[in-house]
Amino acid sequence: MPQNRRPERMRRAIAIGLAALAFVLLAMPATPSYAQASGHVRVSIVKVGLLIGGGAGSGVLTYRGRNYPFRVSGLSLGITAGASIGRFDGRASGISDVGDFVGTYSSVGGGFALVGGVNGVHLRNEKGVTIVLQGRKAGLELASNISAITIGWK
């Protein structure tokens with residue numbers, strides 16, 4: 001009789017293993033594009049202004065192993081005086097689809113550069129994507145303003 005229980009135990013172990021495998025497969029998301037992910041952002045901006053400032057530049061978003069070149073343009077209102085060149089690195093978060101990255105971002109902030117300085121910026125667009133950048137500036141600029149920045153694909 002002990003030999004009859006062995007195949008029954010084997011079948012039970014296989015059934016439990018298949019049930020566990022089915023549970024794991026059903027618990028996995030159907031496609032990874034629905035999950036939000038963050039990406040690395042590198043951008044260079046040239047900015048000039050006196051009361052009203054303007055800037056333009058370009059950058060690269062690295063998202064899920066691919067590089068997406070983009071262009072940046074912006075306008076700032078407030079206390080702005082001078083000219084600067086900035087190179088920034090940071091993260092973009094809240095991206096469900098790479099198309100969420102492009103759009104109009106708003107920012108409230110300030111910075112100072114005299115020959116060289118450090119600046120940081122926190123941006124958010126209408127799709128919920130947040131970009132946090134830090135980097136160096138070169139030039140002469142004093143800024144305390146509200147900015148609207150537009151990002152589009154190249």
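Start by selecting Arg64, which is partly exposed with a relative accessible area of 40%, where partly exposed covers the range between buried, under 20% relative accessible area, and exposed, over 50%, with a 1.4 Å probe and protein chains only. The place of Arg64 is in the loop between E1 and E2, and although Arg64 is not a glycine, its phi is positive, at about 50°.

Before moving on, keep in mind that this is a predicted model, in which local features need pLDDT of at least 70 and side-chain atom pairs count only at pLDDT 80 or more, while totals for chains, interfaces and linings use all residues. Residues are numbered from 1 along each chain as its sequence is written, and side-chain values use heavy atoms, with hydrogens and water left out.

Now colour the whole chain by secondary structure, where helices (H or I, at least four residues) and strands (E, at least two) are DSSP runs numbered from the N terminus. The protein has 1 helix and 5 strands, and from the N terminus on the order of the elements is α-β-β-β-β-β. Of the 154 residues in the protein, 31% are buried. The protein exposes about 9,900 Å², of which carbon and sulfur atoms supply 65%; accessible areas come from the Shrake-Rupley method with a 1.4 Å probe, and for residues only the protein chains shown count as cover. Among contacts (heavy atoms within 4.5 Å) with a separation of 6 or more, 70% are made by residues 24 or more positions apart.

Select next helix H1, which spans residues 2-27 and holds Ile14. Together with Met10 and Leu18, Ile14 makes a nonpolar surface patch of about 330 Å², and Ile14 itself is partly exposed, with a relative accessible area of 48%. Patches are made of residues with over 30% relative accessible area and no salt bridge, with like charges joined within 9 Å and nonpolar side chains (Val, Leu, Ile, Met, Phe, Trp, Tyr) within 5 Å.

Helix H1 is also the place of Arg6, which counts as exposed at 68% relative accessibility. Show Arg5, Arg9 and Arg12 with Arg6, for these residues gather in a patch of positive charge on the surface; Lys and Arg count as positive and Asp and Glu as negative, His and the chain ends not being counted, and the place of a charge is taken as NZ of Lys, CZ of Arg, CG of Asp or CD of Glu.

Select Asp89 and Arg42 next, whose side chains meet in a salt bridge at 2.8 Å, N to O. Asp89 lies in strand E2 (residues 66-95) and Arg42 in strand E1 (residues 37-63), so the pair ties together parts that are 47 residues apart in sequence. A salt bridge here is a side-chain nitrogen of Lys or Arg within 4 Å of a carboxyl oxygen of Asp or Glu, and by this rule the count comes to 1. Asp89 counts as partly exposed, at 33% relative accessibility.

Stay in strand E2 and select Ala83, which is partly exposed at 36% relative accessibility. From Ala83, draw a C-alpha to C-alpha distance to Lys137: the two are 54 residues apart in sequence and 9.8 Å apart in space.

The last stop is Leu123, in strand E4 (residues 117-125), which is buried with a relative accessible area of 4%. Leaving aside residues up to four places away in sequence, Leu123 touches Tyr105, Ser106, Ser107, Val129, Thr130, Ile131 and Ile149. The C-alpha atom of Leu123 is separated by 9.3 Å from that of Ser147, 24 residues apart along the chain.
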